[in-house]
Amino acid sequence: MRILITGATGFIGRHLLARLAQEHDVIGLVRRVPAAAPPGVRYITQALTAPLEVACLPQQIDVVIHQAALIDTDSASQATQTWGGDAAPFLANVVATWRLLNYAQHAGARCFVHASTGGVYGCRDQPLREDDPFNPMDLYSLTKSQAELAVRHTPAPFPKIILRYFFPYGMGTPNPIPSYVERALRGDPIAIAANRKPRFNPIHIDDTVEATVRALTLQEDATLNIAGAEITSFAEIAEFAAQRAGRQPNFTRIPDHEVPPYYRADLVASIERMQQTLGFTPQVDLATGLAELVNDYLGKG
């Protein structure tokens, strides 16, 4: 297949690129071409806050995997200065999604996979299921909720697959998990809420890629949580890492009023639909995945 992956230098995107490039013709849509790339991969530069340069894109494509999003503070600040106000996240995460859907339709795509986030649910002390209503609690989750609406309601005839990722982790992940590992290993203070929330079920990057690749074969529209099979918390992750180093974590207490709203309840995803639809249950257990992070940090030290 010929596959276009946006955000191909991001955490999930670059792992997907390496996996799919072994068997398919893969094109990465990126802001900047990386210094190193898998053999045979082509890159096209495109800022998603700007209109798509369709003439530079493949005229025929089988699959679009839309992983790109404006998340990190540095990128958001730079784009906001360029575009003004809060427009940049909406341009990059919502308008660009609509433009890519239109491109995919005209290029003959057979499938469109959209990377979303468990953040669209907000937080709640019971498992989050795909039919639950949106309750975004920050700007990023708001824009991803709106992007999902764009994907669902486009008139394009191909299957539209929405994957809501929950804390995908591994070496190089941008989410908070490695920071708790590193602080525990250094003995730095770690601020934890009195109730030790949120609890969540992270998924290792290897399982994240496997689930995403399996989604490419779906023949109907689907919205799926992509999450792990084990539930943990940031406190438990810090305790695991500290124990591996023969120490106790240095916990401090966060006053209740200072806990971010989306961390005041749990972020546990139901994975039943993922298991049924994809025929897949995560294979990398939490202890193995966290040990990778610990060993990597200790090796660098």
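**Salt bridges, a helix pair and the cores**

Reader: What does R110 count as at 49% relative accessibility?

Author: R110 counts as partly exposed, because its relative accessibility is 49%. Here buried means under 20% relative accessible area, exposed means over 50%, and partly exposed is in between, with a 1.4 Å probe and protein chains only. Do keep in mind that this is a predicted model, where local features need pLDDT of at least 70, side-chain atom pairs count only at pLDDT 80 or more, and totals for chains, interfaces and linings use all residues. Residues are numbered from 1 along each chain as its sequence is written, and side-chain values use heavy atoms, with hydrogens and water left out.

Reader: Thanks! Which residue forms a salt bridge with R110?

Author: That is D62, and the closest N and O atoms of the two are 3.4 Å apart. A salt bridge here is a side-chain nitrogen of Lys or Arg within 4 Å of a carboxyl oxygen of Asp or Glu. The pair links distant parts of the chain, 48 residues apart: D62 is in the loop between β3 (42-45) and β4 (63-66), and R110 is in the loop between α3 (87-106) and β5 (111-117). Helices (H or I, at least four residues) and strands (E, at least two) are DSSP runs, numbered from the N terminus.

Reader: And D62, buried or exposed?

Author: Buried, because D62 has 13% relative accessibility.

Reader: How many salt bridges does the count come to?

Author: By this rule there are 18. One of them joins D131 and R273, with the closest N and O atoms 3.2 Å apart. D131 is in the loop between β5 and α4 (139-153) and R273 is in helix α8 (residues 272-278), so this pair ties together parts 142 residues apart in sequence. D131 is exposed at 65%, while R273 is partly exposed at 28%.

Reader: Which residues are linked in a network?

Author: R2, D25 and R42 are linked in a network of salt bridges.

Reader: Nice. Switching to helices, what's the story with α1 and α6?

Author: Helix α1 (residues 11-20) and α6 have axes that come within 10 Å and cross at roughly 65 degrees. Axes are lines fitted to C-alpha atoms, for helices over the stretch in contact, and angles run from 0 to 180 degrees between N-to-C directions. From α1, the residues F11, I12, H15, L16, R19 and L20 meet I205, T208, V209, E210, T212 and V213 of α6; contact means heavy atoms within 4.5 Å.

Reader: I spotted T208 in there. Where does T208 lie, and is it buried or exposed?

Author: T208 lies in helix α6 (residues 205-215), and T208 counts as buried because its relative accessibility is 0%. Leaving aside neighbours within four places in sequence, T208 is in contact with I12, Y165, P168 and I203.

Reader: Last topic: which residues touch the most other members of the largest nonpolar core?

Author: I5, L20, I65, I226 and L278 do, in a core of 42 residues. A nonpolar core is a set of buried Ala, Val, Leu, Ile, Met, Phe, Trp, Tyr and Cys residues joined through side-chain atoms within 4.5 Å. A second, separate core has 27 residues, including I237, A238, A241 and A242.

Reader: What does L278 touch?

Author: Not counting residues up to four places away in sequence, L278 touches A211, R214, A215, L218, L224, I226 and R273.
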